[in-house]
Amino acid sequence: MKIQVSTDYAIRILQYLHKNEHDLPTAMTISQSVGITYPFFIKIAHMLKQKGLVRAVQGRNGGYQLAKPADQISFYDVYLSIEGELRLNRCLQDGSSCSRDEGSKCHLRGFIGSMQEDLIAKMSKKSVLDLLGT
């Protein structure tokens, strides 16, 4: 498993919006402040908007803001928004069959499934605010 750079940038965007919660920063301001290209910011912001983590205010004085407080957005919420469901192995995907024809009797599947559950639980406990270290 490797967390994508877009997830890292999504966290940075959300943290920036938290730090600037009384402003309404534009896409250009955020992209420059976070250190990503404008088109990449737009792509990430669109995914975060779809999952209800940020909102865009339209108009001349528009910009972006968090859709809910940073302490209510978990790392796993961000991961889901950018990368989708976490699956450590294809046998853990819905509707997948065991390539070894062992299904639920497979001890490896049980072990990997347990690791996946632990990882999701840990990711769900850390908020965007926690990751600021404030």
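User: Among contacts in the protein between residues at least 6 apart in sequence, what percentage join residues at least 24 apart?
Analyst: The model is a predicted one. Contacts here are taken between residues at least 6 apart in sequence. The share of these that join residues at least 24 apart is 63%.

User: In what order do the elements of the protein run from the N terminus on?
Analyst: The secondary structure comes to five helices and two strands. Read from the N terminus on, the order of these elements is α-α-α-β-β-α-α.

User: What percentage of the residues of the protein count as buried?
Analyst: A residue is buried when its relative accessible area is under 20%. The protein has 134 residues, and the share that count as buried is 37%.

User: Is Q15 buried or exposed?
Analyst: Q15 is found in helix 1, residues 5-19. Not counting residues up to four places away in sequence, Q15 touches V128, L131 and L132. Its relative accessible area is 12%, and the cut-off is under 20%, so Q15 is buried.

User: How far does the backbone oxygen of L131 lie from a polar atom of the side chain of Q15?
Analyst: L131 is among the residues that Q15 touches. The distance from the backbone oxygen of L131 to a polar atom of the Q15 side chain is 3.5 Å.

User: How far apart are the end C-alpha atoms of helix 5?
Analyst: Helix 5 has 19 residues, and at 1.5 Å a residue it should span 27 Å. The model agrees with this, because the end C-alpha atoms of helix 5 are apart by 27 Å.

User: Within what arc do the buried residues of helix 5 fall, seen down its axis?
Analyst: In helix 5, the residues I112, G113, Q116, I120 and M123 are buried. They line one face of the helix, because seen down the axis they fall within an arc of 105 degrees.

User: Which helix do the buried residues of helix 5 pack against?
Analyst: The face of helix 5 turned away from its buried side carries exposed residues, among them H107, F111 and E117. The buried residues of helix 5 pack against helix 4.

User: What separates the C-alpha atoms of K126 and F75?
Analyst: K126 is placed in the segment after helix 5. Leaving aside its neighbours within four places in sequence, K126 is in contact with I73, S74, F75 and L131. K126 and F75 are 51 residues apart along the chain, and their C-alpha atoms are separated by 5.8 Å.

User: What is the relative accessibility of Y38?
Analyst: Y38 is found in helix 3, residues 38-50. Not counting residues up to four places away in sequence, Y38 touches A27, M28 and S31. Y38 counts as partly exposed because its relative accessibility is 39%.

Definitions and conventions. Residues are numbered from 1 along each chain as its sequence is written. This is a predicted model: local features need pLDDT of at least 70, side-chain atom pairs count only at pLDDT 80 or more; totals for chains, interfaces and linings use all residues. Side-chain values use heavy atoms; hydrogens and water are left out. Helices (H or I, at least four residues) and strands (E, at least two) are DSSP runs, numbered from the N terminus. Contact means heavy atoms within 4.5 Å. Buried means under 20% relative accessible area, exposed over 50%, partly exposed in between (1.4 Å probe, protein chains only). A polar contact is a pair of N or O atoms within 3.5 Å; within protein, one must be able to donate a hydrogen and the other to accept it, and residues adjacent in sequence count only if both atoms are side-chain atoms. The expected span of a helix is 1.5 Å times one less than its number of residues. The arc is that of the directions from the helix axis to the C-beta atoms.
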